[in-house]
Structures are given as structure tokens and as C-alpha cells.
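Please look at the sequence and the structure shown here. The paragraphs that follow go through a few residues and then the contacts between chains.

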Amino acid sequence: MNHLIVNKGYQPIDSLNNPDNGQKWSLWRKLLLGLSPSDYFRQVLRNPFNWVLGLIFAIGLPVIIYRYATGLGGVMHASYDYPWGLFLGFGLFCMVPLSASGFLLGTTVELFGHKKFKPILRLALLNGLLGYFFAVVYLLVDLGCPWRLYYPMFVSWGTAAVLFLVGWHVATYLSVQIMEVSEAFFEWVNWPTAKKFIHSGTIGLTVAGIILSTLHQGALGTLLCYAPGKVHPLWYSQEFLWIFYLCSSVFAGICMVIAVSTVVEKTMSWRCGSEFLDNLGPITIGLAKGATMALVTYLVIKIIGIIHDNEWAYLTTGWGTWFMLEIGLGVILPIILFSIGIRKNSVGLVRFTAFLTILGLMMNRLNTALITFNWDLYQEIPHPLEAVITVTIFALFITVYRFILYRLPILYTWKTVSEEELVSIADLDSTQTQQAAVLVDTAGKESLGPA
Amino acid sequence: MNKRKRLVLTGLIMASFLFVVPVFGASSEPPASILIDSLSYLYNGVNFDHEQHLEVTNDCSVCHHHCFGNGAENEQCAKCHANSNGTSSVACGDCHIQKPFTVQHIREMEANPKRYHLDMVGLKAAYHLRCLNCHVEMDAPTGCVDCHERTDTGNQFYHSGDYAPIGGGAGKVHE
Amino acid sequence: MRRISRRGFFKVTAAGSSALAISSTKKAFGMKEFKGYPDSMGVLVDLTRCIGCRTCEAACNKEHGLPEPEIPFDDFSVFDQVFHDGKRKRRTSDSAYTVVNRYDDTSSGAPVYRKIQCNHCNEPACLTSCFVNAYTKTKEGAVIYNPDVCVGCRMCMVACPFRIPAYSYHSALHPQIIKCNFCYDTRLKKGKPPACVEACPQEALTFGHRKTLIKIAHERIRSDPDKYVDHVYGETEVGGTSWMYLSSVPFDQVGFDTSLQHHPILDNTKSFLGFVPMVLGIWPAMFMGFHLLSTRGKEETEKKVSENK
């Protein structure tokens with residue numbers, strides 16, 4: 001894409017009408033990003049990252065087919081002691097907290113009116129939507145009978161089960177998020193009535209998002225309350241596990257937004273609007289402040305958890321070292337680094353710390369759901385094919401994520417003008433184009449290096 | 001009033017039993033051997049050498065509890081039965097029933113809340129518990145087929161002998 | 001009479017996630033402590049009587065038409081099998097509802113055998129954690145499973161404190177949970193004892209009403225205190241189980257988890273579920289309040305700023 005921008009003066013579609021002739025873009029052209037089919041596919045083939053994705057799919061998709069042909073036993077250890085593996089350990093337990101971004105930024109911007117964060121709101125909402133969606137995709141791989149996914153909704157209700165609450169909430173929250181993100185979609189397909197309708201319900205959707213998120217983020221932790229004794233005491237807490245999960249989802253969601261915005265800025269700055277790019281620095285610092293507060297709260301309740309259950313003796317064991325490593329690298333170090341980053345206004349340091357925090361969170365979720373599970377029995381390393389499928393679905397996640405970011409007005413503002421106006425602002429438009437070209441030029445040069 | 005009458009009546013009936021001479025009392029001769037085959041299904045019956053076992057134990061109450069009216073070997077039983085009279089029958093199967101877990105029997109046992117012998121084993125367990133515990137103590141044979149031959153049904157049941165799984169068997173995992 | 005799910009008392013009539021969430025907590029909380037069905041049946045396993053003949057395993061295999069064993073049921077070499085670097089002995093699997101394991105009594109050196117199978121909890125974790133209600137605790141005491149509604153999430157396997165349920169991972173189209181069902185369909189509901197109990201030569205397995213079995217168990221301990229450990233495993237563990245155990249060696253030496261809680265696993269989720277109605281009731285009003293407070297002030301200042309300009 002950068003190649004096209006630099007060499008051909010290519011302008012990505014960001015408006016309803018083609019600025020050259022004032023005609024509305026066709027859907028086909030919009031899908032192809034305004035390129036001719038041959039240009040588009042040349043562009044796809046030129047990007048080495050696409051080759052990496054292609055390689056992953058070439059290996060992973062047959063493995064997924066194999067999983068459905070032979071049953072879970074073909075790609076898992078088929079262990080009765082470890083019923084859950086990476087699909088749920090990573091796909092559900094990590095993806096869901098990392099997707100808390102939608103409700104967090106929705107609350108901040110729409111409910112508390114912090115308009116400062118508005119340029120990143122849609123990215124946060126999309127991140128939430130896709131995270132949940134792919135958590136469900138992971139579920140479809142993991143469930144023994146994925147074709148019965150709707151059973152807890154329509155066929156048989158196990159209403160006393162925490163998983164029932166998780167299932168219903170993830171399903172309803174997914175619908176809420178689809179509606180939230182659909183605003184951008186309706187702009188893109190030019191359906192203003194629908195957009196207006198959704199927009200009128202923003203506050204309602206946001207509040208629904210808060211309720212559903214508070215409950216199911218916590219519920220995910222409560223799932224492990226069914227397995228006391230199997231989860232190591234340091235990670236288990238009957239009273240606090242849901243608070244741990246809820247609180248950590250706050251900084252996880254925020255850090256995921258910082259991380260994704262970083263990747264986006266580095267790899268697809270051509271797609272970012274000026275509003276997004278210009279404000280990203282202060283927004284990142286602002287997000288870091290929120291994340292730090294959540295991290296400190298989390299650290300405090302983690303310590304309270306240890307005191308409450310009197311688990312000090314466990315800290316001296318091997319598991320205790322592992323626990324302290326998780327807290328040290330995933331909580332305490334981020335608190336320190338974030339504080340330094342915020343004080344020195346260093347976006348780079350904050351971004352690094354966000355990635356670190358994400359790793360710390362994943363470590364925590366994998367620890368509770370997988371690694372310390374059956375801690376006094378034996379440890380099991382997941383089947384290699386399980387890892388292959390997990391990576392493949394994550395690659396699919398990235399592909400879909402990128403596909404949407406390239407097209408829908410998530411990172412940029414969709415320009416709609418009536419045809420009469422179009423003529424009158426033609427002068428202004430050309431200056432804007434020049435500005436954008438300069439911007440793209442610098443950004444293009446930056447990111448041409450690794451490509 | 002009614003209740004008392006019934007109690008008295010029951011007492012009288014029970015007392016009358018005490019005077020009846022047991023059919024297999026200490027007076028009649030013990031059998032030399034007994035064919036235990038009422039339960040044979042997976043295994044053939046056992047031709048039990050009663051005489052030999054009597055020689056070894058030299059005390060009927062080891063196996064027959066207090067049924068001969070000469071006290072009970074087991075301390076626990078002796079608490080009540082040290083001086084009780086012999087019973088009308090001493091055959092194992094007369095007290096230890098073949099099917100101890102039928103609804104009817106469970107109801108019967110629970111009908112009287114004061115019943116002491118709630119925990120009476122069935123006939124199969126009575127044999128095995130008595131025989132095996134002693135065989136272990138005396139270092140006598142304890143393998144299943146040491147006492148009774150396995151039937152064809154038994155081999156089928158255990159997936160053994162002619163019915164052993166192909167490629168399976170002891171050697172496969174044992175070594 | 002149809003089997004009654006005790007949760008069936010609380011029929012949820014309203015759809016929608018919030019209504020469901022409320023009802024789920026109502027279920028968890030409205031319930032007084034559940035002591036099990038009054039006429040629940042059970043089995044008392046007396047480890048001192050078990051001789052490790054594996055007849056119960058064979059009887060179970062036959063009763064349920066399970067796959068042919070790899071090793072004959074009269075082959076005792078299976079007792080030497082260990083898995084995962086010796087950390088695990090044989091366990092229930094997709095081809096065995098029950099297995100017997102051998103342990104060594106460290107004090108006497110004599111082998112002790114222990115049969116494992118589903119313990120049929122009074123308030124089973126598998127049942128209460130299942131989001132499609134695939135499990136039923138019947139009034140006879142059996143915990144049975146309905147593969148027709150099972151989605152295959154395997155939450156029950158995670159939740160089972162005894163690590164009993166197995167899963168037919170290798171079935172692509174009909175994978176399901178596989179576990180002991182107390183011979184519910186073939187025997188229990190007809191008033192017959194389970195196949196393993198009937199087959200046991202030693203009556204190491206005693207079948208009866210759970211409450212009678214508790215009496216019998218304590219009587220056995222009382223009448224022979226030197227022989228038995230003074231504990232009936234399963235009387236109170238995880239809220240009580242239909243299958244209970246007596247042992248002559250400390251339970252933790254023969255593979256029992258003695259660290260289990262003595263109240264139902266379901267209780268552990270109550271502190272969270274208690275939070276659910278609060279969120280549903282308080283959050284909307286609270287956050288709308290926050291919204292009004294935080295945006296009204298801002299809109300006014302924004303207006304002022306624009307006016308000043």
C-alpha cells in the first residue's frame with residue numbers, strides 16, 4: 001500500500017463521493033480500496049506479511065478440517081484431567097479481557113463525556129467486537145458439538161450455571177457491539193437512516209455494555225470457582241476471583257487499545273485520519289493513566305486476596321516464585337514503567353509497557369485456567385496441533401481486523417458532502433489532498449523499511 | 001393397651017421357640033462335605049470339605065457364629081449371644097439370603113427401626129468373607145480359581161481364556 | 001413419575017439476559033441447603049473388604065456394553081500401571097465407568113484396593129455447572145447425563161471434584177460425556193442394585209438407602225474402631241455423596257482427596273452470583289446519573305466557550 005501511495009499518488013477511499021468526478025463510489029470499488037482489481041491483488045502479493053499469513057493458513061486450515069473430521073481427539077491430548085486446553089485458555093480466557101476495550105472507551109467517551117478519547121473510540125469498539133467474535137470462533141473449535149452452540153439460548157437452560165451467564169452475556173454483548181460498530185458500517189455503505197437510528201441508542205448500548213461486561217468478565221473468573229483445589233491456591237480465591245478478573249480486564253482492555261493503535265500507526269498510517277494521528281500521543285498517555293490506576297487497584301486486591309486466604313506459605317514454593325514473577329512482570333513493573341512514561345510523557349515507553357502488561361495478563365489467565373490447573377497432579381503441555389489451530393485462528397483474527405480497518409471509517413473520518421457542495425469546496429479539497437499526501441509520504445517512508 | 005398385649009404375645013411366641021430343639025443342633029452329625037453351588041454362574045460350585053475345615057478350626061462358632069448355642073467366637077457377637085440358645089437352622093443360606101439388595105429386603109430391614117442386624121451380608125459375601133479372610137490368615141490359597149473353576153460364561157465375562165482380547169493379555173503391559 | 005430436576009422448581013418464564021441472570025441467582029440463593037433426596041439410594045464401599053478381583057469392572061463393562069478391554073478383567077497387572085511419571089493411576093475413561101486401583105498400606109504392607117466411579121453427589125458440581133442442564137439428580141440418587149443437549153464444553157469435567165467424567169474426544173459427530181450412571185436406566189429405577197454391587201463377591205459394595213448406609217458405616221466403625229479410620233468419606237464431602245467409603249488406612253494414602261470442602265461446590269459461586277442483581281439493579285441508574293452529571297456540566301462550558309468566541 002505504501003508503495004502505491006508513494007509511487008502512484010494513490011489516495012485511499014475516505015468519502016462517499018469520488019473526489020475526482022463527484023460520483024459515488026461503488027461498493028466494489030470500496031471493497032477494493034479504490035484500486036483496480038489487478039492493482040489490488042498486486043498490492044496484496046507485494047506485502048510480505050500476507051505471505052506469512054498465507055503460510056499460517058496453508059498449514060492451519062487443513063488442521064482445522066482435520067479436527068472436525070476426527071473429533072477433538074485428533075488435535076488434543078484427549079485428556080480427562082485437562083478438559084480445557086489452549087482454545088479456551090487462550091481463546092476465551094485471554095481474548096475476552098483483552099476485548100474489554102469497547103465498553104471501557106464507550107463509558108469514557110459516551111458516558112463520562114471525555115471527548116478527548118473520541119478519535120480512538122471506534123478502534124476500541126472494533127477491538128472489542130472482534131475479540132469477542134473470535135473468542136466465539138475459538139469456542140466453535142473447542143466445543144465437542146459446535147453445531148449446538150445455540151442450545152443454551154434456545155434448547156435447554158442450565159440457569160444455575162455461571163457458564164450460562166457467560167454464554168448469554170457474551171452473546172448479547174456481541175450483539176450490542178455489532179450495533180455499536182455498525183455506525184461506521186452504515187456510514188461506509190451510505191445508509192444514514194440506520195446510522196441515525198443506532199446513534200440515538202448510543203447511551204443505552206453503552207450502559208448495556210457496562211452491565212454485561214462487568215458481569216461476564218467477573219463470571220469468567222467465577223468459572224474456576226467450580227474447581228477449588230484444582231487451581232493453585234495462589235491463583236484461586238472464592239471471594240475475589242471475579243474481582244481479579246473484572247479489575248484486570250480494565251487494564252487489559254486499555255493496554256490492548258494502546259497496543260493495537262501502535263501497530264496501526266506503524267503499519268497503516270495511510271489509513272489513519274489526521275484526527276487520529278494527531279491526537280494519538282496524548283490519548284496514549286491518557287489511556288496509560290487509566291491503566292495504571294486499574295493496575296494499582298489490581299495489585300492491592302491481589303495482596304488482600306493473599307492475606308484473606310492466608311497464603312503466604314505458598315509464596316516460598318516453586319509455584320510462589322512463578323506467581324511473583326507474574327505479578328512482578330505483569331503488574332508491578334508495568335506500574336513503574338507506566339508512571340515513568342506518563343511523567344516523562346514518553347509514548348514509546350508507555351507503548352512498550354502496554355505490550356508487557358498484555359503478556360502479563362495472558363500469563364495470569366493461562367496460569368489460572370491451564371498452567372496451575374491440577375497443580376498437585378501433573379502438568380500437561382498442550383498438543384502441538386492445538387497450538388497450530390490457536391495460531392491459525394489468531395491469524396484469521398488479524399486478517400479480519402485489518403480487512404475492516406482498511407475499509408470502514410474506524411481510524412479516519414468518513415466524508416459526506418452533497419454534490420452541490422462538492423463543487424464549491426473543490427479548492428479546499430485539493431489543499432487537503434496535498435496535506436494528506438505530505439503526511440502519507442513521511443509515514444510511508446517510515447514504514448517502508450521493514451516492508 | 002393393644003400395644004402391650006401384642007408385646008406380650010410376641011414374647012410368648014418367641015419364648016416357645018427357645019424350647020424347640022434345633023433341627024441341626026449340636027446333637028446331629030455335621031456333614032462331611034457340602035456342595036456349594038447355589039450361586040454358580042461365573043464359577044462352578046465348590047465341593048467344600050466340611051470335615052477338614054472342622055478339624056482345622058475345631059470350633060463351629062468360627063463360621064457358624066452363635067448358631068449352635070455354644071457362645072460366639074467373635075467378641076462383638078458375644079456381647080449378646082454368649083449365652084443364647086442354638087438356632088433352628090445353621091446353614092449359611094438360611095440367614096444370609098441370596099439377594100440382599102432387593103427392594104423388598106431393604107424395606108424389610110428398615111421396617112423395624114430398632115433392628116440391630118441391619119448390616120447382614122448376603123450369601124455370596126458370607127461365603128467369601130468367611131473363607132477368604134481365614135485363608136489369608138492361614139496362608140491358604142486365595143486365588144479365585146483355587147477354590148472354584150471358572151465357567152465358560154465366566155471367561156466371557158472377564159474377557160479371559162478363549163475370550164481374551166486379541167493382542168492383549170498380561171504380557172503386553174505387565175513387562 | 002418423571003425424574004425431577006430440583007432446579008425444575010424454578011421455571012424461568014421471562015426471556016432476555018437480565019431476567020435470566022436474576023433467575024440464576026435466585027436459584028443459587030433461594031435454595032435452602034439441599035440435603036439430598038430423602039429416599040436417595042447409595043452405595044457404601046468398604047475398602048477393607050475389597051480384594052481387587054476387578055469383577056465389578058467386568059460387570060460394569062458387560063452391563064453397559066462398553067468396548068472390549070485391552071487387558072482381561074482377571075489380569076491384575078493393571079494394578080502396576082502408572083501414568084504421567086507415576087503421578088496418576090488408572091482412572092475412569094471413555095471405555096470404563098469404574099476402575100479399581102491398588103495402593104500399599106504403608107504400615108502393614110498389605111495391598112488396599114479402591115474402586116472409583118461417579119460418587120453421585122447430593123448437589124453435583126457437574127450438574128450445577130452445566131449451562132444446558134444436561135445432568136439430572138434423580139430422586140433415587142443417581143446423577144445421570146443427557147447427551148442430546150450436551151454442547152461439549154467439558155465444564156463438568158473441570159468442575160467434578162473427583163475427576164470422574166470422561167469424554168469421547170475421538171468421536172467427530174457424537175462426542176459425549178461418559179461416566180457411571182448408577183445403572184439408572186437398566187437397574188436403579190427398577191429397584192435393582194447396580195451391576196457392580198451385585199457382582200461383588202465380598203459385598204465390599206453395600207447398596208441401600210443413603211441414610212441407612214450412613215448408620216451402617218458408623219456402626220461398622222463403632223464396632224471395630226481398631227480396623228477403621230473414623231471417617232465416612234462422602235458423608236459430608238462436597239455436600240455429601242451417594243457413594244461413600246470406609247477405609248482402614250488414612251484416606252489420603254489411598255488416593256482420596258481429603259482437602260475437599262464439606263459444602264457443595266455450587267456455594268463457591270455464590271459470592272459472585274450475589275453481585276449479579278446488584279449490577280443489574282444499580283448499574284443502569286448509577287451510570288446514567290454519572291452520565292448526566294459529567295456531560296451536562298461540559299455541554300454548558302462548551303456552549304460558554306463557543307459563545308465567548
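C:Cys130 is buried, its relative accessible area being 10%; buried means under 20% relative accessible area, exposed over 50%, and partly exposed in between (1.4 Å probe, protein chains only). This is a predicted model, in which local features need pLDDT of at least 70 and side-chain atom pairs count only at pLDDT 80 or more, while totals for chains, interfaces and linings use all residues. Residues are numbered from 1 along each chain as its sequence is written, chains are lettered from A and ligands numbered from 1 in the order in which they are written, and side-chain values use heavy atoms, with hydrogens and water left out.

Over all chains, the structure holds zero disulfides, a disulfide being a pair of cysteine sulfur atoms within 2.5 Å. C:Cys130 is in no disulfide, and the nearest cysteine sulfur, that of C:Cys153, is 6.3 Å away. For B:Cys147 the closest cysteine sulfur belongs to B:Cys131, and at 6.8 Å it is too far for a bond. B:Cys147 counts as partly exposed, at 41% relative accessibility.

C:Met244 is buried, with a relative accessible area of 0%. At 10% relative accessibility, C:Arg90 counts as buried. The side chain of C:Arg90 is joined to that of C:Glu57 by a polar contact of 2.6 Å. A polar contact is a pair of N or O atoms within 3.5 Å; within protein, one must be able to donate a hydrogen and the other to accept it, and residues adjacent in sequence count only if both atoms are side-chain atoms. A polar atom of the C:Arg90 side chain also lies 2.9 Å from the backbone oxygen of C:Val100.

Next come the contacts between chains. Chain A and chain C bury about 6,000 Å² between them, with 67% of it on carbon and sulfur atoms. Buried area is the accessible area (1.4 Å probe) that two parts lose on being put together, summed over both. The contact takes 71 residues from chain A and 67 residues from chain C. Between these chains the count is three salt bridges, a salt bridge being a side-chain nitrogen of Lys or Arg within 4 Å of a carboxyl oxygen of Asp or Glu. A:Asp81 and C:Arg91 meet in a salt bridge through their side chains (2.7 Å, N to O).

Between chain C and chain B, the area buried is about 3,000 Å², and carbon and sulfur atoms give 58% of it. On the chain C side, C:Asp74, C:Gln202 and C:Glu203 lose the most area to chain B, together 17% of what that side buries. Here 41 residues of chain C are in contact with 33 residues of chain B. The count between chain C and chain B is two salt bridges. C:Asp74 forms a salt bridge with B:Arg150, with the closest N and O atoms 3.1 Å apart.

How values were computed: Contact = heavy atoms within 4.5 Å.
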